[in-house]
Amino acid sequence: IVRFLPSLNPREFGAVAIGGEVVRPGRYEIRKGDKLSDLLQRVGGLTPFAYPYGAVFVRESVRQAEQVGFDRAAREIQAGLARAAQDLAANELAAVQQVIGQLRSTPAMGRVVVEADPTVLRVRPELDVLLEPGDRIVYPKRPPYIVVSGAVLNPTALQFEAGQDVRHYLDQAGGFQRFADRRRTFIVFPNGAASRADLGVFEYSVRRPPPGTTIVVPPDP
């Protein structure tokens, strides 16, 4: 009996895609252990117009997990709605049904918040993410705007102004609507991370959002 042990295959079965403001965008085969910094070296680095803080990193396994979470949340809300339907007004029922419909129709994206700036990765290699087949990353140009959405009078994109805080952009969007839940206002940063804006009744946070940030004012549930 002769046994042939499998040899270690250093190549992953798949490729990753990289686009946007990189020197040589496209699809690249990866090897086991390849990190984002390795991929950036292969593509020749970033162009002078790249905005690493706004890089979008998408992973298929995360997208699938998000989709499962969306579906579970829709089922749980639907079950709760069935139990409480007799206690809700018609407009309240319609609002909850709209939320359920959005959960079921909105496709999961699978975005992962990663450190994508090559200068930072050189100094802090522990932040360098390991790549998986199917990963996609796009480096955008530096956006010149701040987006304000949700329960404001004029949801819109506003020109970025250095040194301005959250209150300035909310005022530029017309301020809060009557049904806005201003205490739950939050900020989505260009890299996908989110944080509460910590807006109190008598004062606003002095947080100064960077370009490409989205300020979201949710409606009062």
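This report covers the nonpolar cores and some of the strand pairing in a predicted model.

## Basis

Local features need pLDDT of at least 70 and side-chain atom pairs count only at pLDDT 80 or more, whereas totals for chains, interfaces and linings use all residues. Residues are numbered from 1 along each chain as its sequence is written, and side-chain values use heavy atoms, with hydrogens and water left out.

## Nonpolar cores

A nonpolar core is a set of buried Ala, Val, Leu, Ile, Met, Phe, Trp, Tyr and Cys residues joined through side-chain atoms within 4.5 Å; buried means under 20% relative accessible area, with a 1.4 Å probe and protein chains only. The largest such core has 18 residues, of which Ile18, Leu36, Leu39, Val43, Ile137 and Tyr139 touch the most other members. Two or more residues each come from strand 1 (11–20), strand 2 (26–31), helix 1 (36–42) and strand 5 (136–139). Helix 1 gives the most, with three residues. Helices (H or I, at least four residues) and strands (E, at least two) are DSSP runs, numbered from the N terminus.

Leaving aside neighbours within four places in sequence, Val43 is in contact (heavy atoms within 4.5 Å) with Ile18, Val22, Val23, Arg24 and Tyr28. Another core lies apart from the largest one; its 17 residues include Tyr169, Leu170, Ala173 and Phe176.

## Pairing of strand 6

Two strands pair if DSSP finds at least two bridges between them. Strand 6 (residues 145–150) pairs with strand 7 (residues 156–159) in the antiparallel sense over four bridges. These strands form a hairpin with five residues between them, and Ile146 has Leu158 of strand 7 as its bridge partner.

Strand 6 also pairs with strand 10 (residues 214–217), in the parallel sense and over four bridges. Here Val216 of strand 10 stands opposite Ser149.

How values were computed: Buried means under 20% relative accessible area, exposed over 50%, partly exposed in between (1.4 Å probe, protein chains only).
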